[in-house]
Amino acid sequence: GHPVEGSFTFQLDATSQDVSSVVAAFVEEEHGLSRLFSVIRWVLLAGIIVLIGALWLITRDPSAAVSLRTRMVAWGAWSFAFLATVQTLFVYGPHASGLKIYEATDLSLLRETLGTAFGQWQLVRIGILIALAVLLREMQWRDKRAWRITCGVLLVATVASVSVSGHAITQGSAVVSVMLDVVHFSTVGLWLGGLAMIAIDRATWLKEGRTVTIRRFSKMSGLAVPVIVVAGV
């Protein structure tokens, strides 16, 4: 499921003694869809990170009302993650094949993508995000233990769907690598996603009545940052 690209270079008749410069020129060359695929992936990661942080903050104080801006950020992050996942399904085939942007609508390439582990995990993520959307709609139930547990499980599953369809699964010890990646990604979401949520909706999260929540966030961040560093290394 790991997108790869590169070139094989060969020469006929008059051969050069040093082909390293020729090979390097081909290997470093990127096509337009390669860059687009990278942008889509960053949008996906940003959406999931902010969604994790937003939902962590929302569940810290279930009795307090959720502001309109906080709702918009949570739904915006969900939309980024969902749309980026759908786009990945269409762009992966042309990207991996080195084709042009207009080939993204080729249904035969989409069928081939869905036949790979990478494509199937994108479908799994779409299903998980739809379930998360149901929870976001019923945010008034966030004081219920079942709602919070389900939300946490779905968020971890979302992160895992990224790990098992990316770099982590290609490592020698795939299980350990995926677990470390899930821990790393999840804690980044708790810290950086929560920080983004607070920065965007300062009027809500920095007001006097939310002091306890901000203190909890500070303590959590103090634990999350070392975990991010250790898991990343």
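Helices here are DSSP runs of H or I with at least four residues, strands are E runs of at least two, and both are numbered from the N terminus. Everything below comes from a predicted model, where local features need pLDDT of at least 70, side-chain atom pairs count only at pLDDT 80 or more, and totals for chains, interfaces and linings use all residues. Residues are numbered from 1 along each chain as its sequence is written, and side-chain values use heavy atoms, with hydrogens and water left out.

View 1. Of the 233 residues, 39% count as buried (under 20% relative accessible area; exposed is over 50%, partly exposed in between; 1.4 Å probe, protein chains only). Take contacts (heavy atoms within 4.5 Å) between residues at least 6 apart in sequence: 73% of them join residues at least 24 apart.

**View 2. Asp61 and Arg210 make the one salt bridge in the structure.** Their closest N and O atoms are 3.9 Å apart (the cut-off is a side-chain nitrogen of Lys or Arg within 4 Å of a carboxyl oxygen of Asp or Glu). Asp61 sits in the loop between H2 (32–58) and H3 (68–97), and Arg210 in the loop between H8 (202–205) and H9 (211–232), so the pair ties together parts 149 residues apart in sequence. Arg210 has 4% relative accessibility, so it counts as buried.

**View 3. Thr70, in helix H3, meets Asp201 through a side-chain polar contact of 2.6 Å.** A polar contact is a pair of N or O atoms within 3.5 Å; within protein, one must be able to donate a hydrogen and the other to accept it, and residues adjacent in sequence count only if both atoms are side-chain atoms. Thr70 is buried, because its relative accessibility is 1%. Setting aside neighbours within four places in sequence, Thr70 touches Ile58, Met197, Asp201 and Trp205.

**View 4. Ile126 lies in helix H5 (residues 117–137).** At 14% relative accessibility, Ile126 is another residue that counts as buried. Beyond its neighbours within four places in sequence, Ile126 is in contact with Phe82, Thr85, Val86 and Leu89.

**View 5. Val233 lies in the segment after H9.** What does Val233 count as, buried or exposed? Exposed, because its relative accessibility is 86%.
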